[in-house]
Amino acid sequence: MRVKDIKILWGRSGNRCAICKIEVTPDGEIDTIGEIAHIVSRSPEGPRGDDNLPLEKRDEYSNLILLCPTHHSEIDTFIEKWPVSKIHEVKNNHEKWVSDRLEQGIISYKPIDNSNFIETIQEAWGNLASSKVWINSCITPLRIEDDSIDPLKDEITETINSIQLPDDGFWEPHLNTYLTRPNENGIVNLNISDLENGYGHKINVFRNGYCEFLFCIEASVQGITAYAREKDSAAIGSSRVIRYTHIAEVVIKQVKALKAIWLNYLPFKNMVLTFEILNTQNTLLFSREKEWGGALYGFPVAANNLKPTLIVEKEFDEKFIIDLVLKRFANYFGMVLYQIYTTKGEFCRPKKL
């Protein structure tokens, strides 16, 4: 789901369930939290999933309705009672009800807006990264409220300390648990002692429920770039090179880590999931060695940061997210990726059209 669609949905719904009108919130109060429901299920096998609405349209605002947990369960359980046409009618009537009462000043609502916080975080990422290439990921509450959680609970510490870092035979995969400590934002595991050589990571859980996992791949970039300039200088020119398999390895570990933190402690039902590769200007993607010599590369990118963002539910499908993000990153470098793994469980490699 796109951030734009979610903001429209919450705004036009007035932070209220479209059926019972109870006020709901994305801020972490479990008994009052709103749920973003699909009118036609994202999956063809789900409630009303046999509708002819195209799959690519099913995460858009027009197919979403804001409900309380009770009524979300009801429309997905009693499907015959809640056909597509009836749910759309309920949604339209509710949004008109909200609009009329807002104009009369009978109700008010606090807008869903985390944009200022996200801008601050993006600036902090840039300061940490400097000119080095990092892959960063985060989950952000739809609305930022201070002290939404206690990040020093044992469950959070234990979850952070259980996280496996990327490896692929290149990095040390074991997290140094002695580096887990409180900081000004909440709790952090930070290791930038060898950042000069291109190694570093940061895992941070904030009191407002925001979580981030930053991983520096500069050492990998330097290594593959030096190799490519020696073996294939005409193909890469002045560009720097990023190895696709290292992007894939980092993204997979980040997805698993963020989901573990969310499931084990965070109360939110929906959050903004963001991935970003920093300092990508004039970099190209190394896909694989060619059988007849040389290597397959993507095209240099002009953007300094590459960033897919979407709204996800707490029980999100890891495979779906990994598939979406890695395909998007391949596209950014002018390549296509049709599947993530081969039948042998190895990484498939991006190709050119």
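Ring pairs join F170, W171, Y199 and F215 into a cluster. Rings of Phe, Tyr and Trp (its six-membered ring) count as a pair if their centres lie within 6.5 Å; planes under 30 degrees apart are stacked, over 60 edge-to-face, and the rest tilted. By this rule there are 11 aromatic pairs.

The model is predicted: local features need pLDDT of at least 70, side-chain atom pairs count only at pLDDT 80 or more, and totals for chains, interfaces and linings use all residues. Residues are numbered from 1 along each chain as its sequence is written, and side-chain values use heavy atoms, without hydrogens and water.

Among the aromatic pairs is Y244 with F347, edge-to-face at 6.5 Å centre to centre and 80° between the planes. This pair links distant parts of the chain, 103 residues apart: Y244 is in helix α7 (residues 244–264) and F347 in the segment after α8 (318–332). Helices (H or I, at least four residues) are DSSP runs, numbered from the N terminus.

F347 also pairs with Y341; their ring centres are 5.5 Å apart and their planes at 15°, so the pair is stacked. The table gives the accessibility of these residues, where buried means under 20% relative accessible area, exposed over 50%, and partly exposed in between (1.4 Å probe, protein chains only).

| Residue | State and relative accessible area |
|---|---|
| Y244 | buried, 1% |
| F347 | buried, 18% |
| Y341 | partly exposed, 40% |

Charged side chains also sit over rings (NZ of Lys or CZ of Arg within 6 Å of the ring centre and within 35 degrees of the ring normal). The charged end of R42 is over the ring of F320, 5.8 Å from its centre. K352 lies over the face of F299, 4.5 Å from the ring centre.

Definitions and conventions: Helix = DSSP H or I, 4+ residues; strand = E, 2+ residues; numbered from the N terminus.
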